[in-house]
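Subject: Structure handover

Hi,

Here is the structure for you to work with. My notes follow below it.

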Amino acid sequence: MPQLDIQTAIIILIAFSIAWVALGWYWGRNSKELDEYMLAGRKIGIALGSATAMATWVTSNTTMVAPQLAFQLGIWGMLGYSLGSVGLLAFAPLAQRIKKTMPNGYTSGDFFRLRFGKLAWRIFLAISLFYSLGWLVSLGMAAGVLLESLSGIPYTIGLSFIMAVCVAYTMLGGLKAVIGTDFIQTIIILIGVAVLGWQVIDSPGLENIYTKIEEYHPALLDLGMPAGLMFLFNNLFFGVGEIFHSNVWWSRSFAFREGTGFRSFLYAGLFWIPVPVATGFLAFAVFALNIPVPAADAVGPLVASFILGKYGAILIFVIVFSSLASSLDSLLAATSDLILEDIYHRHFAPRASKQQMRKMAVVIILLLGISAWLICLPRIANLAQLLHFTGALVASTIWPVVFGLYYPSINGRASSLAMAGGCISGLTAYFAVGFYTAALVSAFVSFVICAGFMIVSRTRFDFQKLQEESNDAASNSF
Amino acid sequence: MTHSVYRLFWFFIFLSSLIGPAHSIELRADTTLSKEGYFTLQWQGEISTENSVLQIAENADFNNARTLFNLSKYPHNSIAQSGYLNGNYFFRIAETRNGNTSSLSNTVKIEVQLHSFSLALLMFTAGFILFCILLWVILFGGPGNFKNQEQRG
């Protein structure tokens with residue numbers, strides 16, 4: 001049953017969409033050069049940097065899956081989800097290192113290609129593109145499903161509308177538009193979540209919530225809950241894997257002004273922590289309010305609209321719309337950069353000029369948006385589970401990235417084997433035990449392989465090679 | 001011939017006693033064995049009476065049944081449950097009228113058998129150690145580590 005009338009929802013949707021597209025056009029009107037378009041001129045400061053990192057990491061998952069995990073796995077589910085911030089915090093020093101060693105780099109693919117060679121680079125591309133497309137499709141599907149459940153807007157229309165708006169302003173303004181709109185979306189999300197959190201604590205009362213859970217759902221408060229314990233570090237490594245490998249975050253490291261990357265990611269991580277805690281806490285209120293929950297992923301909007309009525313439904317609608325847009329635009333921009341640089345330029349058009357690349361960037365964003373939209377259209381329900389699946393894949397890249405950035409003794413063979421071994425073992429754990437073990441097992445196996453090779457390796461990589469070759473990223477042949 | 005028909009008749013009676021009484025609502029769960037303490041109940045069939053409730057009990061005869069929710073105005077046909085400890089749980093949709101309860105659905109049994117604590121502790125410890133190594137590598141690890149970067153300015 002929709003919690004918001006369709007007319008109000010459409011008015012909100014149109015008003016925000018006009019604002020995003022207009023701002024995208026305004027901020028991107030001077031982005032004629034490739035660096036301006038792809039990396040916002042590499043001049044992003046701390047305020048915008050922190051906001052874009054935080055907003056991108058607040059996805060529809062943060063507002064929808066955090067309450068779901070708190071509902072299913074209790075205290076550990078809520079706290080475990082907030083450990084997603086560790087990815088941002090730990091990436092802060094990496095961002096500084098990336099900017100220093102690759103000041104003219106474009107993508108995370110550039111790093112793998114220059115640091116580890118062709119085989120590891122292609123394994124990485126397969127993992128990263130699979131993950132990116134999976135995330136994009138899950139966001140698109142979430143957009144359609146959530147708008148439909150919150151307001152009654154049909155799935156296809158909601159999905160098409162959000163996709164079209166995000167593709168339009170990302171195409172118009174490139175990374176500048178993405179970062180600018182992210183800043184506004186961050187403010188909306190933070191205010192909205194603060195209001196929601198306050199109301200939830202105030203309405204049923206903490207004591208009432210605790211009593212009801214302890215009486216009828218005691219496992220949720222049990223700090224020894226096995227699945228919750230397993231989930232805790234699994235989610236941490238899933239988040240670390242997502243951030244450490246993905247071009248969404250590497251492109252921001254390249255785009256941030258020298259010396260701002262560390263603090264931007266640090267602040268983003270700190271600001272992000274309370275968001276899943278606040279949204280996750282919504283789930284606990286459901287027991288005190290005695291609201292029947294039709295599906296675990298519906299618990300967040302249900303409680304919000306129950307407590308705040310129509311205004312709660314509007315609030316959650318705006319938060320969801322903002323968090324969806326802030327992640328979709330970043331993903332579109334960063335994935336299209338990866339396809340442009342690592343697939344189009346490095347595989348098919350090695351002699352492409354920067355002007356040709358600039359034009360092709362727009363085409364790729366459009367094609368990527370259309371492809372994701374087409375995959376989302378049939379509304380295959382189990383595609384939403386795709387992200388859990390990718391935990392095993394992305395966690396396998398953590399150690400190749402970290403050791404590759406800091407140690408000269410790891411080579412391409414070690415990182416290729418680590419990624420392959422991590423993926424296989426993580427997926428085995430996914431099916432044998434549960435989704436809450438896949439990333440941890442993958443990261444563990446990948447670490448053992450990397451560390452083993454480094455102990456016996458005589459490789460001494462010269463980090464200057466990253467700098468020299470990446471200077472010509474968009475004009476030389478491979 | 002009459003004897004065969006007679007036997008067939010009793011055979012069907014026997015079969016129907018095995019199947020149990022027919023219910024207007026078919027209740028089912030997404031799992032019969034939950035390792036995490038959560039599961040979802042779904043049902044098919046119209047809930048038409050105002051006194052329809054979802055009941056939970058710790059045995060199949062519902063002696064100590066407790067009402068979870070009144071379903072009469074509930075617009076969905078599923079309910080997610082979580083936070084259950086090890087044990088067997090029985091669910092049914094029932095109608096309460098004048099203090100009498102009659103079942104509207106079949107009974108669904110769900111066994112909650114949480115993962116072993118030792119496995120969970122092993123995963124937790126492995127995760128914690130791996131996380132400490134990650135932090136150490138980033139902050140103090142190789143020649144390009146964060147500490148050295150800071151010192152070099």
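Helices α3 and α8 of chain A cross with left-handed geometry. Keep in mind that this is a predicted model.

Some detail on that helix pair. Helix α3 of chain A spans residues 46-57, and helix α8 of chain A spans residues 155-202. They pack at an angle of about 65°, and their axes are 8 Å apart. Angles of 65 to 115 degrees count as roughly perpendicular, so α3(A) is roughly perpendicular to α8(A).

Which residues meet there? From α3(A) come A:A47, A:L48, A:A51, A:T52, A:M54, A:A55 and A:T56. On the α8(A) side they meet A:I179, A:D182, A:F183, A:T186 and A:L190. By class, this contact of α3(A) with α8(A) has eight nonpolar residues, three polar and one charged.

Next, the interface between the chains. Chain A puts 53 residues into the contact, and chain B puts in 43 residues. Between them the two chains bury about 4,200 Å². Carbon and sulfur atoms carry 75% of that area. How many salt bridges does the rule find across the interface of chain B and chain A? It finds zero.

Last, two backbone angles to look at. A:N290 has a phi near 55°, a positive value in a residue other than glycine. A:N290 sits in the loop between α13 (274-289) and α14 (299-348) of chain A. In chain B, B:F62 also is a residue other than glycine with a positive phi, near 55°. The loop that holds B:F62 runs between β4 (52-57) and β5 (66-70) of chain B.

Best wishes

Notes: Residues numbered from 1 in each chain as written. Chains lettered and ligands numbered in written order. Predicted model: local features only at pLDDT ≥ 70, side-chain atom pairs only at ≥ 80, totals over all residues. Heavy atoms only, no water. Axes fitted to C-alpha atoms, helices over the stretch in contact; angles between N-to-C directions. Helix = DSSP H or I, 4+ residues; strand = E, 2+ residues; numbered from the N terminus. Parallel < 35°, antiparallel > 145°, perpendicular 65-115°, else oblique. Left-handed = near helix turned anticlockwise from the far one by under 90°. Contact = heavy atoms within 4.5 Å. Nonpolar A, V, L, I, M, F, W, Y, C, P; charged D, E, K, R; others polar. Buried area = accessible area lost by both parts, 1.4 Å probe. Salt bridge = Lys/Arg side-chain N within 4 Å of Asp/Glu carboxyl O.
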